[in-house]
Structure formats: C-alpha cells, structure tokens
Amino acid sequence: MNASFLVDGAAVWPVLVPLAAAAITLLLRYHETVQRSVMEAAVLLMLASSVLLLGRVISFDTVSVAFGGWGAPFGITFVADRLGALGSVAVGTAALAVAVFARADIRSRRRRAGFDPMFLAMLAAVNGAFLTGDLFNLYVWFELMLIAAVGLITLDRRAAQLDGAVRYATLSILGASFILLGIGLLYAETGTLDLVRMASEVAGRPPTVARTAAAFLLLAGFALKTGLFPLFFWLPSSYHTAPTSVSAALAGLLTKVAFYASLRVFVSVFGLVDGIAVPGLATALALVAAATMLVGVLAANAQTDIRRVFAYQVTGQVGYLAAGLSIASLAGIAAAIYYMVHTLLLQTGLFLGEGAIARATGSHDLRRAGGLMRLRPRFAALYAVLLLSLAGVPPFSGFWSKFMVIDAAFRGGSTIIALIALAASFLTLYGMSNLWTQVFWKTPPERKRAVRPIPPAMLAALTILAACTIGMGLFVEPVTRFARHAAAQVTPGTERVPSMPPPAAEAP
Amino acid sequence: MTATYALLAAILAGCALYMILSRNLVRMMLGLSLLATAVNLMLFLTGRIGRMQPPIIPDSRTTLPQAATDPVPQALILTAIVIGFALTVTLTVLIVRTYRAHGTLASDAIRAADTLGDPLRPESKR
C-alpha cells in the first residue's frame, strides 16, 4: 500500500474505514473499552479521509473510483463531486461530535447491545450514499442505513423504542419500494444506472410517461425518507424514543442524506433547473415544502417533551431544504446545499444538548426543567448559540441559510414560498424563545434531587457543533461560494454552456 | 407477454398495498414482502421479455452478442431479493420483540411511542 493508492482511492475511504471498523467492533463486542477506542479512531480516520477527499475535489473537480476496474457502463463507480465531498465532511464532523458525546451517554449495557458496530455501519451507509455514482447502489446504501438505524433505535429494547422502530421500519421499507420502482422505470428508459450517463441520456428529451411516473415514485420515496409533509409521521413518533446519541445521529444524518439523494436525482437527472423537467415536479415540491415548514414548526411549538420539539423541528427544517429545491434556480440549489450542511450539524447539536438537559435535570419534560442559566452557565452559553442559530439570528449559520433560501425564492418569483418561510421562521423564533425561557430562565420547580453536573464529554461535543455554526456564519462567503460551485456542478449544462451567466452573478 | 407480466405485477402490488393497510403487524410485514416481489417483477420487465441468448461473451469477442439479454436487471433482482430478505428478517425480529413487549399484534393498540412525552398527559415519565 503506497501513498498514491491512498490518494487515488480517496472517494472510497470514507465508506471503507467505518465499514471495516464496524466488522472489527462487532468482533470486540465484549471488550467495551477496546471497542470504543476502535470506534473513535475510525470516526477520526473517516473525518480525515473526507477532508482529504474535499481537498482533492477542490483541485480536481471530481474524484472517481471504478470498482474492480470495470468502467462506467458495466461497473459500479464512486464519484465524489463538490456536493458529495462537502456532505461527507459534514457527516464526519457530526459523527465526531456524537462519538465524543457517546463517551458520557452510551454505557456498557448499550455498548454490549452493539452501539458501536451499528453506528459505524450507519456512517458507512451515509457516506456511501453521498459518494456513489450509481443509482441502484444509492438504494442499497439506503437499506443499510435503515437496518442500522432500526438496531440503534431499539438499543435499550424498551416498549416505546420497539413501537417507534416498527413504525420507522415499515414506512421506510414502503418508501424504499417506491424508490426501487422509480429506479427500475428510469433504467427501462435510459438503459443505465450511472447518474452521469443517465443525465446525458435524458437531457434535452421531452418527458415520457415512464419518466414522469419514475419522478413521482422517487419523490414519494425520498419525501418519506426526508420527512416531508404528508409522509413525516413516522419521524416524530420514533426519534424521541431512542437514546440521545442515537436520536442526534439519526436526526442529523438520515433525513439530510435522503434530501441529498432527491437533490441529486431531480436536479442532475430530471433537469429541474433547466425547465425541461417533468411537468408538475417543481409545483409538487413547492406545495410539499410549504406544508412541511408550517406543520413542522406548529407541531413543534405544541410539544412539552424537548425530544419531541426537536423531532418536529427536524421536519420543519427539511421543509426549507425542499423549498430551496422547489425554486428550481441555481441560487435556490446553492441555498439548499448550504442549508443542508447547516441543519445536518445543527440538528445533531440540538439533540445532544437535549441529552445534556435531561442529564442535568433528570427529565425530558419542559415543565420540569428550569434554572439552568444560573446552575450550568457554560452549558447555557453553548446551547444559546445552537438555539439562536435554529431561530435564524445572525451571525450564526441559521441566519444565512434562511436568508439565502428566502432571497432565492423572492428572486425566483416564488413569493408565496418566501412568505411562508418567513412566517415559519418567526414561529421557530417564538418556539425557541419559549424553550429557552422554560429551560434556562424559569424558576425551577421543586426537585426531588439536585441538578447533576454535565459531563465534560457532553460539553466538548456541543462545543464542536457550536463552533461549526459560528464558523459557517462568520466565514459565510467562502462556504457559499463553495455551495454555488457545488450547485453549478450538479446542474447539467451550467459548466459547459458558456452562454449561461456564471453562477456567482445569480446568487445574492 | 409483457402486458400479462405487467398486469401480474400490478395485481401483486395491489394485494400487497391492501395487506400493508392491515392493522395486524404480521400481515403488514407479509404485505411488505409481497410488495418487494411485485417490484422485482417490474425490475425483470425492464430488461424486456423475448427469445434471447444468455448474456455470455464468447471467447472470440470482447462485447456481448446482439441477441443477448440485458444482464443488469437480473443482477438488480438478485441484489433486491437479498436486501428484501434482510429487511424481512429485521422486521420479523422487531415484530416478535414488539409482541413480547406489548402482548398484542394489533397496531392500533400499540401506542407506547405516542404516550412517551405526549403533551396532553400531565407530566411525562423519563
């Protein structure tokens, strides 16, 4: 194994490292400390390889690997472009925070139940979905993700967890069947499963019945997995049952990778931006996005269990992603990409912080929390950053992501989407102020036991993610420029046709 | 032939969706497996049905002969069957554990996830 081999295969390492480590940790199941160290080392190595990949992608545009030496029409390829590599780095960062948090949260019983191998398998699947260049391969990664997630949710084998996992598994399998049907129809029409070749087969041709059916089957499947209205009900009834580290990883990663898949398929293959897309696709996306934003935030504001507040917020936030996609302009896609990275990191942080609140107060209930501002000031400061970012207050990344989506919507003529996004933002601000007041400012109710200390591992995990949202907010220009490049790269025709305006001219 | 096949897949998918709507978890699981079968039949159709040669490249050539079938759908179905099997096993284990924990298979009687942190209940347990 020499250095060039390591660098040439850059697109494979973010998948291979956690997958191999999953097998190793499975063998070390009863050696808890060793198992944990292997998991942590693997997550670090995975993040490092994703960063290496990002560096390669910045200088070479795309990095691809063809397995077994079989070229694109026959073999399966891994193709990392800017969007895939960016997603992979975000996944690595969120995974690092979860791994640090798990030191304090995942005790020996959960480790023996298999937290480490399943967590690593899920990470491998998420990275695989971000980096594969083959549509059927994408479907396979989604199924691996699903199986690992089901195992993670039921880690404690509680009745509520089993119930939640059944709901999650049945609906996800149904969604996966729709996705597979859509892939089959696309294959029947184009004769290939490679995303790039598929795009060139479809480009410039008017939509056919098969392609329209495929588009809406894929929309249904991906909308279900992303947690979009009206197919999101499995999400708030399963995520809150899992252990905190698991909820955080699921909330951060799974819905976002499903959104990434829909972005990739609808923009690159179906040509959402060039206007030759399947009729009604953008309208359907806009309707779904508007309903998701409103329903998600309204339902979140009605909850009293903090886990459920954030579970509904996960759906509310993916509504903004779909809104960015539905605008069907380069600026909208770029906004959705920036928003995807922001919300991937932020949702992980919010759930982790919820775990810290529960650790301190002994309850997940808003009504039983209170007084943490005075008792746990350092945690309060960290969590304030995350809550303000979710509410969309500058200078955090939450402000810029919402600003970009709303700005792109006004410019793209989707005024209604922009207004609904604004309304949902105000409602989120209300919800987060309420949450902050209840948890940190309210006079605490009578407690049977004193407030416990928050372990340093939990604070460290929150620091990583708070630093990310501050960094993405302060250095917004380089990140958005990268997002615009990534958007131009996934949109067919924009880089090759010189008559098109450069992407930078269209963005805010 | 193709029409018959498509009709068969459609009927299977219809039966599967009907079973998935059932309130019995085991019936729902069987419905999902049946749906996977219907999808596999559809995948089979994407390779077109007809009298064709097996997809084997002869020694004298480097590409498939013109009359060969498309090997990709067959590979896809094989993979989809394996994945479907894994999903069915996972779901079965899950349903067995759910039955042990709740003592019932009626999905509308299993509400543990809903009651956990329900805002309408006075104070949620940990």
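**A walk through chains A and B**

A:Asp61 sits in the loop between helix 3 (32–60) and strand 1 (63–66) of chain A. This is a predicted model, and in it A:Asp61 has a positive phi of about 70° although it is not a glycine. Most residues other than glycine have a negative phi, and most peptide bonds are trans. A:Asp61 counts as partly exposed because it has 13 C-beta neighbours inside 10 Å.

A:Arg157 is another non-glycine residue with a positive phi, here about 55°. Its place is the loop between helix 7 and helix 8 of chain A. With 12 C-beta neighbours inside 10 Å, A:Arg157 counts as exposed; the limit for that class is 12 or fewer.

Two cis peptide bonds can be found in other loops. One runs from A:Phe229 to A:Pro230, with omega near -5°, and A:Pro230 belongs to the loop between helix 10 and helix 11 of chain A. The other joins A:Pro394 and A:Pro395, with omega about 10°. A:Pro395 is in the loop between helix 16 (377–391) and helix 17 (397–411) of chain A.

Chain A contains 21 helices and 2 strands. Its C-alpha atoms fill a box of roughly 70 × 55 × 40 Å along the principal axes. A compact globule of 508 residues would have a radius of gyration near 23 Å, so the 22 Å of chain A agrees with that. Of the 508 residues, 64% count as buried. Among contacts in chain A with a separation of 6 or more, 79% are between residues 24 or more positions apart.

Helix 9 (residues 195–202) of chain A shows how one helix is placed in this fold. A:Leu195, A:Met198, A:Ala199 and A:Val202 are buried there. They lie on the same side of helix 9 of chain A because they cover an arc of only 100° around the axis. An α-helix has 3.6 residues a turn, so residues three or four places apart point the same way. The cover over these buried residues includes helix 7 (135–153), helix 8 (159–190), helix 10 (209–226) and helix 11 (244–269) of chain A. Just after helix 9 of chain A comes A:Gly204, with a positive phi of about 80°.

The largest nonpolar core has 238 residues, and A:Met122, A:Ile337 and A:Ala421 touch the most other members. Helix 14 (residues 330–361) of chain A gives the largest share of this core, 20 residues. Apart from neighbours within four places in sequence, A:Met122 is in contact with A:Met145, A:Ala148, A:Ala149, A:Leu152 and A:Ala249.

Chain B meets chain A through 34 of its own residues, which are in contact with 40 residues of chain A. On the chain B side, helix 2 (25–45), helix 3 (71–102) and helix 4 (112–115) each give two or more residues. Helix 3 of chain B gives the most, with 14 residues. By type, this side of chain B divides into 23 nonpolar, 7 polar and 4 charged residues.

Confidence comes last. The model scores ipTM 0.92 and pTM 0.91. Mean pLDDT is 86 for chain B, where 96% of residues reach 70 or more; for chain A the mean is 88, and 94% of residues reach 70 or more. Within chain A, confidence is highest in helix 6 (residues 115–131), at a mean of 94, and lowest in helix 21 (residues 503–506), at 41. The pLDDT is below 50 over residues 496–508 of chain A, a stretch with 17 contacts in the model beyond near neighbours in sequence.

Terms used: Residues are numbered from 1 along each chain as its sequence is written. Chains are lettered from A and ligands numbered from 1 in the order in which they are written. This is a predicted model: local features need pLDDT of at least 70, side-chain atom pairs count only at pLDDT 80 or more; totals for chains, interfaces and linings use all residues. Two residues are in contact if their C-beta atoms, placed from the backbone, lie within 7 Å. Helices (H or I, at least four residues) and strands (E, at least two) are DSSP runs, numbered from the N terminus. Ala, Val, Leu, Ile, Met, Phe, Trp, Tyr, Cys and Pro count as nonpolar, Asp, Glu, Lys and Arg as charged, and the others, Gly among them, as polar. pLDDT is the predictor's confidence in each residue, from 0 to 100. A residue is buried if 20 or more other C-beta atoms lie within 10 Å of its own, exposed if 12 or fewer, and partly exposed in between; C-beta atoms are placed from the backbone. The arc is that of the directions from the helix axis to the C-beta atoms. A nonpolar core is a set of buried Ala, Val, Leu, Ile, Met, Phe, Trp, Tyr and Cys residues joined through C-beta atoms within 7 Å. The radius of gyration is taken over C-alpha atoms; the globule rule is 2.2 Å times the number of residues to the power 0.38.
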